[in-house]
Amino acid sequence: MRSSYKVADKTVQAQLLQRAETQLIVDEKTSTIALKALGDDEYRVTANEASTSAYAIARGEQFFIHLNGRHYLVECEDEAHSSAQSGSAADKTIASAPMPGTVISVNVETGQTVKENDTLMVIESMKMETTINAWRDGVIATINVNVGDSFDRMAALIELEE
Amino acid sequence: MQRIISHLNTNADTFKANTLHNLKLRDELKEKMQQARFNRPQRDMDRLKRQNKLFVRDRIELLLDPGTPFLELSTLAANRSYDGKGPSASIITGIGIVNGREVMIHADDSSVKGGAWYPLSMKKIVRMLDIAIENQLPVIHLCDSAGGFLPMQSQFFADRYHGGRVFRNMCQLSKMGIPQLSVVLGHCTAGGAYIPALSEYSVIVKGTGAVFLGGPPLVKAATGEIITADELGGCDLHTQISGTADYPAANEQEAISKAREIVAQFSRKEKETIEQQAVEAPYYDPKELYGIIPQDNRVQYDVRELIARLVDGSRFSEYQPAYGSTLVCGFAHIWGYKVGILGNNGVLFNDSSLKGAHFMQLCNQNKTPLVFLQNITGFMVGREYEQNGITKDGAKMIMSQACSVVPKFTVMVGGSFGAGNYGMCGRAYDSRLLFSWPNSKISVMGGEQAADVLVDIKLSQLKREGITLSEEEIQAIRDPVLAEYEQESDAYHSTSEIWDDGILDPIDTRNSLGIAISVSLNKPIEEPNYGIFRF
């Protein structure tokens with residue numbers, strides 16, 4: 001699988017091939033390239049026999065490149081991440097209890113608008129306090145438990161409107 | 001490998017409050033360490049000077065390669081024993097670099113009761129030698145001890161892991177072909193005399209160094225012979241006549257440079273090779289750990305936030321991300337070394353136990369060391385879970401963990417209760433090194449639960465006798481139990497009893513693990529092999 005990179009908001013597929021000479025395949029185009037580090041983040045880049053100098057600095061998956069008088073930000077996209085489909089949490093409406101326990105606090109009211117990761121309630125079980133957070137933006141439809149209530153595993157604790 | 005995406009809000013009030021709280025814990029830790037390392041009565045320091053002896057910390061400084069790390073172990077051993085008068089259990093142990101070789105160092109601290117060994121000193125030396133055996137590390141002993149602290153002899157002499165074990169372990173190391181070197185800088189009396197005698201190499205300082213089975217007072221009592229320590233077992237006697245010691249030295253500096261020269265002759269064995277890649281600093285700042293660790297261990301948080309601040313590039317390839325979500329398992333790199341990490345995200349259920357057991361087998365199969373981030377209140381209890389076999393699934397996890405052949409490392413990052421301690425590689429399961437964070441707590445069950453259980457038992461006893469108790473009387477039973485649990489479950493108690501190898505400032509965890517992994521690879525990894533799993 002080729003790696004994908006984001007350059008100026010455009011995603012390109014690219015791969016380096018170490019053959020007799022180094023080849024760079026970008027989308028469907030193949031070029032013969034050579035790269036020589038000159039020190040102080042400066043490089044001599046030769047592509048299809050034209051040669052120029054460039055500066056490049058890496059920060060994690062981001063590369064800041066200065067080439068021919070222009071700046072470029074290149075971001076390396078993670079293979080698994082870029083191939084992943086968007087999550088399914090959006091369809092879920094009910095937060096069910098991960099284990100039996102009791103309710104320590106309820107932090108929202110019915111009809112309240114919440115944002116993803118807002119704290120909805122805190123439960124306690126096996127000496128641990130677990131926070132139930134909003135898994136998506138939404139509106140509280142029903143709250144099925146009160147502070148101090150005990151519940152079984154899989155009990156529907158709180159629901160968001162569809 | 002995919003980077004963990006942190007959901008930590010560093011502007012949140014809880015983050016700021018946690019940070020304040022944990023920085024306070026860190027400062028307390030640093031203060032206690034500083035005291036244990038350097039706070040000595042002036043008369044003891046004066047005595048060292050009079051005797052022409054260096055302070056133990058200066059000896060270690062001279063011995064180590066400049067600018068290299070020294071992973072000191074159990075600095076706060078005995079901090080809750082002997083009225084706090086035996087700092088570090090009067091022994092310094094640690095892993096350091098001498099002439100480019102990883103070595104274990106054991107140094108007696110004669111500024112504490114003349115370097116006398118307390119029961120916990122013995123435990124610390126035995127543990128130090130166990131670490132050397134498990135990681136095949138050469139040992140350098142800087143000897144300067146008055147011998148066992150006689151008033152407490154019944155607590156350190158005769159049992160399996162008492163004094164005799166020190167010398168038994170030394171013999172085992174020698175048999176394995178791992179060299180030891182003793183530098184005799186003070187007295188090696190009685191049992192202590194066997195330390196240089198059982199070492200492959202020894203150096204002794206003229207004037208101050210002496211080795212004898214019985215010191216001058218004992219000789220006088222036994223035979224009436226009146227003799228000085230130097231005449232009885234000094235440098236000249238042992239290097240010229242008895243042959244008990246190898247190299248004479250005019251002073252401590254010469255002895256230590258001789259020691260460095262000897263270590264330079266040790267041949268370096270090839271290390272076990274595991275997956276390794278170029279080192280990358282964590283993408284997320286490890287200082288943010290202070291804002292993640294909750295003020296109350298009961299508050300749950302995502303252990304991935306810790307992992308993101310410990311591993312290279314904050315990258316984590318998570319195993320079974322959607323199954324058994326209360327145990328987070330996955331691969332990462334620490335200082336370039338590939339590791340398999342297990343971190344708790346809640347109680348261990350059937351599925352999380354099975355996932356853990358399977359994941360550890362994967363790591364054993366592909367020679368990946370295991371790192372346990374222990375924050376566990378236990379395996380789930382209740383009829384539904386028993387019916388689903390929580391006990392036998394927990395047993396599978398313990399079997400897989402206990403039989404693992406790859407090096408294991410444990411960090412107590414939060415609570416450690418009940419069988420959760422076992423499943424997640426507690427002290428009994430031979431982690432190569434086990435560290436605690438200052439906030440961590442260990443006990444067989446939570447204090448509140450223990451108090452409730454004891455009150456219940458008491459109440460039903462009294463009920464049979466027809467007695468009922470008032471709220472106050474019940475409270476009077478609960479309170480002492482709670483107080484005792486509070487005291488005996490905290491990290492300073494654990495480390496005092498040497499249930500761990502030291503308390504770490506959380507941000508030092510990554511470096512400490514890096515050294516630990518490097519050292520562990522001195523020992524070849526065997527083929528995986530397990531006992532019977534109950535299915």
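The lining of the second largest pocket divides into 21 nonpolar, eight polar and three charged residues, where Ala, Val, Leu, Ile, Met, Phe, Trp, Tyr, Cys and Pro count as nonpolar, Asp, Glu, Lys and Arg as charged, and the others, Gly among them, as polar. The model is predicted, so that local features need pLDDT of at least 70 and side-chain atom pairs count only at pLDDT 80 or more, while totals for chains, interfaces and linings use all residues. Residues are numbered from 1 along each chain as its sequence is written, chains are lettered from A in the order in which they are written, and side-chain values use heavy atoms, with hydrogens and water left out.

The volume of this second largest pocket is about 1,400 Å³. A pocket is here an open set of points on a 1 Å grid over the protein atoms alone, where a 1.4 Å probe fits, with protein on both sides within 12 Å along at least five of seven lines; lining residues have an atom within 4 Å of a point. The volume is the space filled by probe spheres set on the points, which are joined across faces, edges and corners. Of the 32 lining residues, Leu24(A), Val26(A), Ile33(A), Ile65(A) and Val74(A) are the closest to the centre of the pocket. The largest share, six residues, comes from β2(A).

At the interface, 24 residues of chain B are in contact (heavy atoms within 4.5 Å) with 18 residues of chain A. Arg298(B), Gln300(B) and Thr377(B) supply 30% of the area that chain B buries against chain A, more than any other three residues. The area buried between the two chains is about 1,800 Å², this being the accessible area (1.4 Å probe) lost on putting them together, summed over both. Carbon and sulfur atoms give 54% of it.

Side chains of opposite charge can pair when their charged atoms come close. A salt bridge requires a side-chain nitrogen of Lys or Arg within 4 Å of a carboxyl oxygen of Asp or Glu. One is found across the interface of chain B and chain A: Glu384(B) pairs with Arg153(A), the closest N and O atoms being 3.0 Å apart.

Notes: Helices (H or I, at least four residues) and strands (E, at least two) are DSSP runs, numbered from the N terminus.
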